[in-house]
Amino acid sequence: MKRLSISERLGLVSYRNQARTDAKAHIEVDTDICNSTCPHQCTTYVCPAKCYTLDEAGELHFQFEDCIECGTCMYACDQGAVKWSYPDPETGRGVNWNFG
Amino acid sequence: MEEKFDCIIVGGGIAGLSAAMILARADARFLLIERGEFCGAKNVSGGVLWGSDLNELVPDFGDSPEGFERFINHRRLTFMDDQSAFSLDFKSAHFEQTPYSGVTVLRSKFDAWLAGKVEAQIEQGTHSESSFLATDILVQEVIQESGRVVGIRAGGEDFFADCVILAEGVNNLLTRQIGIEPAYVPADHVAVGVKEVIEFDKSVLEDRFQLNGRSGLTNEFVGFCSDGVEGGGFLYTNEKSLSVGLVLGMKDLREKKKAPQDILNQFKEHPAVRDMLTGGKVVEYSAHVVSTGDIDAVPERLYDDGVLIAGEAAHLLLNAGKAIQGMDYAMRSGILAAEAVLAAREVSDFSGAQLSGYQKALENSYVLTDMHNFHDAVKLLHDPMMFGAVPNVLCDFGRQFFTIRSEPGQKSRHMMTAAVKRHSSYWDLIKLGAKAARAL
């Protein structure tokens, strides 16, 4: 079997409100904490949807659009940087599993 | 303001729907709120529903198998190193009788099916116009008055009930809001599951896994599959697909700096797994946090004035090495929560003191009994030797034992000694064996 990249994998996910450009974020990340005092920046590797990335300068960035609502970052982050909630069915993103 | 409900259930997963079925049978007036577009839309599991509780909710479900994927008559536990797989394999016609004691499910389909059964039950009662399964609505908060739960707020509206059952799943924000669990749940209380659903031509699947009609195989893996991280792998047969994935300890994953999707790739490329996946097409990639099944993670009290916590919101789950039991625990706790609500309704008392009967019922059922009894086994599985030295020793021994060279062979005990020396020590294995003897 061909090895799948994360974008190929996420390409198989049905997201809600995909057409909405103004979707409301359901997770807020205080990246100032990630980029100053956090000793591990673990979300950049533990998040199964790779919503947390490091740029060339080593700065952490977060985007919620690819989030599959698994909850991982809420537990993995022990620095108080992640404020996690469920996406609003109407105005948010989030998933619609076809198989689950 | 509408007349209040007997009960509001938050979450239309297995725990919530099971509670709803019991309430509908008793002709109670209730509201179940699910944030997904339909019940099952937000749910992910491995997933095998173990045990026979489903038969209690949907008698003879096995005769009309549109809800589940396959019944399990074939179990396999595989220890693996980077090249080898050493399996314990058990198949029996004993498992072919209904009610089945394990069925594979895909939650998006299964939960929607179960919701249909609940709706049919509501239709038969006197509240067919006033009990609801309401989907696509997010519950924002639990409403409390002088310390007791009286209802919920959803979509800017308030809904009131004598009692609320929180069956919101492992990411239990409302359970935390009312203080039954602390606001921050540490990483060592959970794991993360990642999974792919891989589709096959049905006849290929049946031939490859020796499936007969609706029979199915479950295969769990320990060792190489988790790349040194606490946890293991699984492969389950669905009707026309496989569910293939990993469950990885969150704290260990963080400390070992590993990405779950990379470990999943590596697991799929193991020679023994690769050959089972050939020709398949990945149709979904999913992930979800899952409780570790350690009773230390279960909140002390699963009730309070006007509220009960059911399913994984209460961290009810057991993985003591023989199966990952989460959905049956959700089902039973949902049933018991609904029964506690009905008992409270009899005496018009929804205080915590009355609802504590729920916790007692859980203690008396397999749910908390097994979580207590197998606590040592759960801890044993978290021992690094279980996903390191043990599978390595077994695979090393297997490779020697099954190798036939055209030269004089060694006795098995010499092969075992050599294998143990390469990966561990007898002393470490004896210590582990002593722990295992106590645990099992």
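Begin at the second largest pocket of this predicted model, which has a volume of about 910 Å³. To find the middle of this pocket, select B:Asn319, B:Ala320, B:Gly321, B:Lys322 and B:Leu381, which lie nearest its centre among the 39 residues of the lining.

Next, show both chains and select the contact between them, to which chain B brings 57 residues and chain A brings 39 residues. The area buried between chain B and chain A is about 4,100 Å², with carbon and sulfur atoms giving 53% of it.

Staying at the interface of chain B and chain A, turn to the polar atoms, where 29 residue pairs are in polar contact, both partners having pLDDT of 80 or more. Coloured by class, the residues of the side of chain B that touches chain A divide into 28 nonpolar, eleven polar and 18 charged.

The charged pairs deserve a separate selection, because side chains of opposite charge can pair when their charged atoms come close. Seven salt bridges are found across the interface of chain B and chain A. For an example that pairs a residue of chain B with one of chain A, select B:Lys42 and A:Glu69, which form a salt bridge whose closest N and O atoms are 2.7 Å apart.

Over all chains, the structure holds 33 salt bridges. To see one inside chain B, select B:Asp53 and B:Arg332, whose side chains meet in a salt bridge with an N to O distance of 2.9 Å. This pair links distant parts of the chain, for B:Asp53 belongs to helix α2 (residues 53–57) and B:Arg332 to helix α9 (residues 327–346) of chain B, 279 residues apart.

The last stops concern the backbone. Most residues other than glycine have a negative phi, and most peptide bonds are trans. Select B:Gly46 and B:Gly47, which are joined by a cis peptide bond with omega of about 5°; B:Gly47 is in the loop between β2 (30–33) and β3 (48–50) of chain B. A cis peptide bond also joins B:Thr98 and B:Pro99, with omega of about -5°, and B:Pro99 sits in the loop between β5 (85–91) and β6 (102–104) of chain B. Finally, move to A:Lys50, which has a positive phi of about 50° although it is not a glycine, and which lies in the loop between α3 (43–46) and β2 (52–54) of chain A.

Key
Residues are numbered from 1 along each chain as its sequence is written. Chains are lettered from A and ligands numbered from 1 in the order in which they are written. This is a predicted model: local features need pLDDT of at least 70, side-chain atom pairs count only at pLDDT 80 or more; totals for chains, interfaces and linings use all residues. Side-chain values use heavy atoms; hydrogens and water are left out. Contact means heavy atoms within 4.5 Å. Buried area is the accessible area (1.4 Å probe) that two parts lose on being put together, summed over both. A salt bridge is a side-chain nitrogen of Lys or Arg within 4 Å of a carboxyl oxygen of Asp or Glu. A polar contact is a pair of N or O atoms within 3.5 Å; within protein, one must be able to donate a hydrogen and the other to accept it, and residues adjacent in sequence count only if both atoms are side-chain atoms. Ala, Val, Leu, Ile, Met, Phe, Trp, Tyr, Cys and Pro count as nonpolar, Asp, Glu, Lys and Arg as charged, and the others, Gly among them, as polar. On a 1 Å grid over the protein atoms alone, a cavity is a set of points where a 1.4 Å probe fits but cannot get out, and a pocket is an open set with protein on both sides within 12 Å along at least five of seven lines; lining residues have an atom within 4 Å of a point. Grid points are joined across faces, edges and corners, and a volume is the space filled by probe spheres set on the points. Helices (H or I, at least four residues) and strands (E, at least two) are DSSP runs, numbered from the N terminus.
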